[in-house]
Amino acid sequence: MRLILSAILASLFATMPALSQNFDFPPGFKTQDIATNGATIHVRSGGKGPAVVLLHGYGETGDMWIPMARDLARDHFVIVPDLRGLGLSSKPAGGFDKKTQAGDLAGVLAALHVTRIDLVTHDIGNMVGFAFATQHPEQVRAFALIDAPIPGVGPWEEVLKNPLVWHFRFGGPDMERLVAGRERIYLDRFWNEFSAVPAHFPEADRQHYAALYAMPGAMHSGFSQFGAFDQDVIDNRAWLATGARLPMPVLAVGGETSFGPFMAVIMRAAATNVQEAVVHNSGHWIMEENPTETVNLVRAFLESVK
């Protein structure tokens, strides 16, 4: 089955030249598909030193982290998965609640023989990372979350009232039919509306991600990430109700024209040690809009944790 899947992907990618341009991880990085927890997770890893995991969000894949992976690999073992259903990971029928996806990450780490990590996350990756940190706090040394809320945590109900997050509740039997063949149109709305300057989300990146989200099952999986929010709220509020809080140092990062300092407000409802940071001249897409400042903030935070 894996040989058949590989052949299908190779044939598909042959018609998508943008996928092979400007999206190369640093030399020495290994690419592998790790079967775990009912999914097959596409993982890139490389570098030497303490382990750091980079988790992406919706509208992108693990490829968003290439500039950060290049920097951190100088003194870290960098692990970059694609979330289940997205990028080159498998597209299972279910399991898109973030507690289950935390199990995906646990399986990846076990396969790589990694027992302790730093976590750096963005968008939906924040939610998966949060679920992992609540379940395995002893495995997370430091946690940097970037520009997205956590379902059920802090001012979640206020976040839902913002018309810009209409897609959190976008659903119904026709949603996939409406966007089939129009993935770029749908995704451009997010890349444009959530950018400080839409032109700073490059055309090559748009082509790259639109091609990946046009793969069979990818848009269904993307919608399922949002469709699982109700369960995520239940799971996160059950954890909060125990009186637990994240014990590791947390860096809450917002884009200047997006969540900004509000990220720290969110995380102070769930963590005991929260530092606040803002990526200037950036909206939500921090690695496209201001990668240098984002990388510097994350590196400084990780180096500050003893």
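**Sheet, packing helices and aromatic pairs in a predicted model**

Eight strands make up an open sheet of mixed pairing, ordered β1-β2-β4-β3-β5-β6-β7-β8. Strands here are DSSP runs of E with at least two residues, and helices are runs of H or I with at least four, numbered from the N terminus. Two strands pair if DSSP finds at least two bridges between them. Strands β1 (30-36) and β8 (274-279) stand at the edges; each has a single partner strand, so one side of each is left without a neighbour in the sheet. From one strand to the next, the twist averages 20°. Axes are lines fitted to C-alpha atoms, for helices over the stretch in contact, and angles run from 0 to 180 degrees between N-to-C directions.

The model is predicted: local features need pLDDT of at least 70, side-chain atom pairs count only at pLDDT 80 or more, and totals for chains, interfaces and linings use all residues. Residues are numbered from 1 along each chain as its sequence is written, and side-chain values use heavy atoms, without hydrogens or water.

Strands β5 (residues 117-122) and β6 (residues 140-146) pair in the parallel sense over six bridges. Ile117 stands opposite Val140 in β6. Helix α3 (residues 98-111) packs on the sheet and touches β1, β2 (39-46), β3 (51-55), β4 (77-81) and β5. Its direction makes about 120° with that of β1. Helix α13 (residues 291-304) also packs on the sheet, touching β3, β5, β6, β7 (250-255) and β8. The direction of α13 makes about 160° with that of β8. Contact means heavy atoms within 4.5 Å.

The structure holds 14 aromatic pairs. Rings of Phe, Tyr and Trp (its six-membered ring) pair if their centres lie within 6.5 Å; planes under 30 degrees apart count as stacked, over 60 as edge-to-face and the rest as tilted. Trp156 and Phe229 form an edge-to-face pair, 5.7 Å centre to centre with 75° between the planes. This pair links helix α5 (residues 156-160) to helix α10 (residues 229-241), across 73 residues.

The protein averages a pLDDT (the predictor's confidence in each residue, from 0 to 100) of 92, and 93% of the residues score at least 70. Confidence is lowest in helix α1 (residues 2-14), at a mean of 42, and highest in β3, at 99.
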